[in-house]
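Colleague: Before we discuss this model, could we go through the terms used for it one at a time, setting each against its cut-off?

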Amino acid sequence: MSLDLLDGEKVVFRSGLSWLPFARPVFASFFVFLIFAFALYTKIALIFFVVLVLCFYVVFAFISSYFEYTKTHYVVTTRRVICERSYFIRNVTDEIILDQVESVRVNQTFVMSWLNYGFVDVRGTGGRKLSFDWIVNPK
């Protein structure tokens, strides 16, 4: 992540995504394996086709989760709150100046705390909102 800091600005907090976005493709892989085992048992050609299509979904889900995991950064500096997400080709950077922050809401249940992740919503003046989803160790 290339972060352009202003004069006199320092990074106070930096975080990324939790490993939880990988749960979807892992569970999908398990589901595809079960269908494949059923297809071997029944020897129905249509089920093999379904398994092949689901394998493409699982590969795409793993690639998508990898990009999401490696290209999402959350930063709090002495002057701004910054959320940077990169999707295959385009980069999306949202920021709120600290003086304009009205409220911060941390959503972390017991299970989320146990798995060390949570959701943080930062609301600014004018209804502006930054969402830090699946953030590691929300404070």
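Colleague: Where does N137 lie relative to strand 7?

Modeller: In this predicted model, N137 is placed in the segment after strand 7.

Colleague: Why is N137 called partly exposed?

Modeller: Buried requires a relative accessible area under 20% and exposed requires one over 50%; N137 has 37%, which falls in between, and therefore N137 counts as partly exposed.

Colleague: What makes W134 partly exposed?

Modeller: Its relative accessible area is 28%, and because the class in between runs from the 20% limit of buried to the 50% limit of exposed, W134 is assigned to the partly exposed class.

Colleague: How do you know whether T77 is buried or exposed?

Modeller: The relative accessible area of T77 is 1%, and since buried means under 20%, T77 is therefore classed as buried. T77 is found in strand 2, residues 72-77, and leaving aside neighbours within four places in sequence, T77 is in contact with L5, E9, K10, V11, V12, I82 and L98.

Colleague: What makes the pair T77 and E9 a polar contact?

Modeller: The side chains of T77 and E9 are joined at 2.4 Å, and the cut-off for a pair of N or O atoms, one able to donate a hydrogen and the other to accept it, is 3.5 Å; the pair is therefore counted as a polar contact.

Colleague: Why are strand 2 and strand 3 said to pair?

Modeller: Pairing needs at least two bridges, and five bridges join strand 2 to strand 3, which run antiparallel, so the two strands qualify as a pair.

Colleague: What order do the strands of the open sheet have, and why are strand 1 and strand 4 called edges?

Modeller: The open sheet has four strands in the order 1-2-3-4, with antiparallel pairing. Strand 1 (11-15) and strand 4 (91-97) each have a single partner strand, so one side of each is left without a neighbour in the sheet.

Colleague: Which elements give two or more residues to the largest nonpolar core?

Modeller: That core has eleven residues, among them F13, V120, L130 and F132. Strand 3, strand 6 and strand 7 give two or more residues each, and the largest share, three residues, comes from strand 7.

How values were computed: Residues numbered from 1 in each chain as written. Predicted model: local features only at pLDDT ≥ 70, side-chain atom pairs only at ≥ 80, totals over all residues. Heavy atoms only, no water. Core = buried A, V, L, I, M, F, W, Y, C linked by side-chain atoms within 4.5 Å. Buried < 20%, exposed > 50% of the residue type's maximum accessible area, 1.4 Å probe, protein only. Contact = heavy atoms within 4.5 Å.
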